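Please keep the sequence and the model side by side while reading. The paragraphs below go through the fold one part at a time.

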Amino acid sequence: MPIPVTVPRLGWNMEEGTFVEWVAADGAAVRPGDVLFRLEGDKAVEEVESLDAGVLRLAPDGPKPGDRVTVGQVLGELVAEADAKADRASQQVVPPHPGLRPTLSPEGRGWEDTRPPDMPHDGGAGTPGADRCAPPSPLGGEGRPQAGVRGDHLDGQAGAAPPPVTPRARRLAKRLGIDPTAVPGTGRNGRVRERDVAARGGVGARVEPLSPVRKATAARMVESLRTAAPVTLTSAVDATNLVNLRAQFKAAGATVPSVTDIVLKLAAAALQQHPVMAAR
């Protein structure tokens, strides 16, 4: 039975993270303890290890590097080696017709007919040129019924092709919730560029999303500002004795604590005598 590979919870408050990359390749044999992928949480990038053994199969609609993923989202699965070999063997079999796909059953190998009911089952009536453009359809041609010619399919597709969109423009449009194909492109041959999407979204030409670490930091800062008074206290103290103490440590050849270490020790001793100062 396949074992799902899911997004783990890296922290108590984590609900989603950023997918960084796959470490194990699709179809690779995985053992317990092997690193499967890297995931960025609120604090750092973590390597997610496998708890089970098997052959890794990635989900067809799996995330790309930089995509946001939610805790518990299925990214792939681990299957037994025998099942993986059976799948590879079934994929290598050439069906007698493009509309058939191989299946495995207790009785042996068979074929499942995936052709629609209205499609001719005699190999199709479309011409070779039309078959390379699209499957036979009721577009019609100058000939017999359901016989397509190359020009028919190209004409049916003309005007429906969306304008070309650059990868940067597509990523920005996804962040802004904009359909990039509806944005007038100023690039060559009407290509939609990043600044075209930025102009439609009313933002600058370059938008950098917050990383999970910076997003968590901003949330903590806002929470601190809301729950505590932003007061800064500055005092001047005579640290002559502290400096002399460190000099004595150096003369004795012992480990010399830093100034911060000594201040922390003194603060801990003072708070034991005045615990109300540690309250909030």
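Which residues are buried in helix H4 (residues 167-176)? In this predicted model, they are Ala 169, Leu 172 and Ala 173. The three lie on the same side of H4, because the arc they cover around the axis is only 100°. Pro 167 and Lys 174 are found on the other side of H4, and these two are exposed. Part of the cover over the buried residues of H4 comes from helix H5 (194-201). Just after H4 comes Gly 177, whose phi is positive, at about 70°.

With that helix placed, the chain can be viewed as a whole. The protein has 280 residues, and buried residues account for 21% of them. Its secondary structure consists of eight helices and 10 strands. Taking contacts between residues at least 6 apart in sequence, 43% join residues at least 24 apart.

The next part is an open sheet. Four strands make it up, with antiparallel pairing, in the order E1-E8-E6-E3. Strand E1 (3-6) and strand E3 (29-30) are its edge strands, each of them pairing on one side only. E3 is joined to strand E6 (residues 54-58) by two bridges in the antiparallel sense.

Ala 28 sits in the loop between E2 and E3. Leaving aside neighbours within four places in sequence, Ala 28 is in contact with Gly 54, Val 55 and Leu 56. From Ala 28 to Val 55 the separation is 27 residues in sequence, while the C-alpha to C-alpha distance is 5.6 Å. Is Ala 28 buried, exposed or partly exposed? Its relative accessibility is 24%, so Ala 28 counts as partly exposed; the buried class is limited to values under 20% and the exposed class to values over 50%.

Strand E2 (residues 16-22) has pairings of its own. Three bridges connect E2 with strand E7 (residues 68-70), and the two run antiparallel. E2 also pairs with strand E4 (residues 35-40), again in the antiparallel sense, through four bridges. In the pairing with E4, Trp 22 has Phe 37 as its bridge partner.

Thr 18 belongs to strand E2, and its bridge partner in E7 is Arg 68. Why is Thr 18 classed as buried? Its relative accessible area is 11%, and buried means under 20%. Apart from neighbours within four places in sequence, the residues in contact with Thr 18 are Leu 39, Glu 40, Gly 66, Asp 67, Arg 68 and Pro 212.

The last stop is a pair of helices. Two packed helices are described by the angle between their axes and the distance between those axes. For helix H7 (residues 240-252) and helix H8 (residues 259-273), the axes come within 11 Å and cross at roughly 115°. The crossing of H7 and H8 is right-handed. On the H7 side, the contact involves Leu 242, Leu 245 and Arg 246, which meet Val 259, Ile 262 and Val 263 in H8. By type, the residues of this contact comprise five nonpolar, no polar and one charged.

How values were computed: Residues numbered from 1 in each chain as written. Predicted model: local features only at pLDDT ≥ 70, side-chain atom pairs only at ≥ 80, totals over all residues. Heavy atoms only, no water. Pairing = 2+ DSSP bridges. Axes fitted to C-alpha atoms, helices over the stretch in contact; angles between N-to-C directions. Left-handed = near helix turned anticlockwise from the far one by under 90°. Contact = heavy atoms within 4.5 Å. Nonpolar A, V, L, I, M, F, W, Y, C, P; charged D, E, K, R; others polar. Buried < 20%, exposed > 50% of the residue type's maximum accessible area, 1.4 Å probe, protein only. Arc of directions from axis to C-beta.
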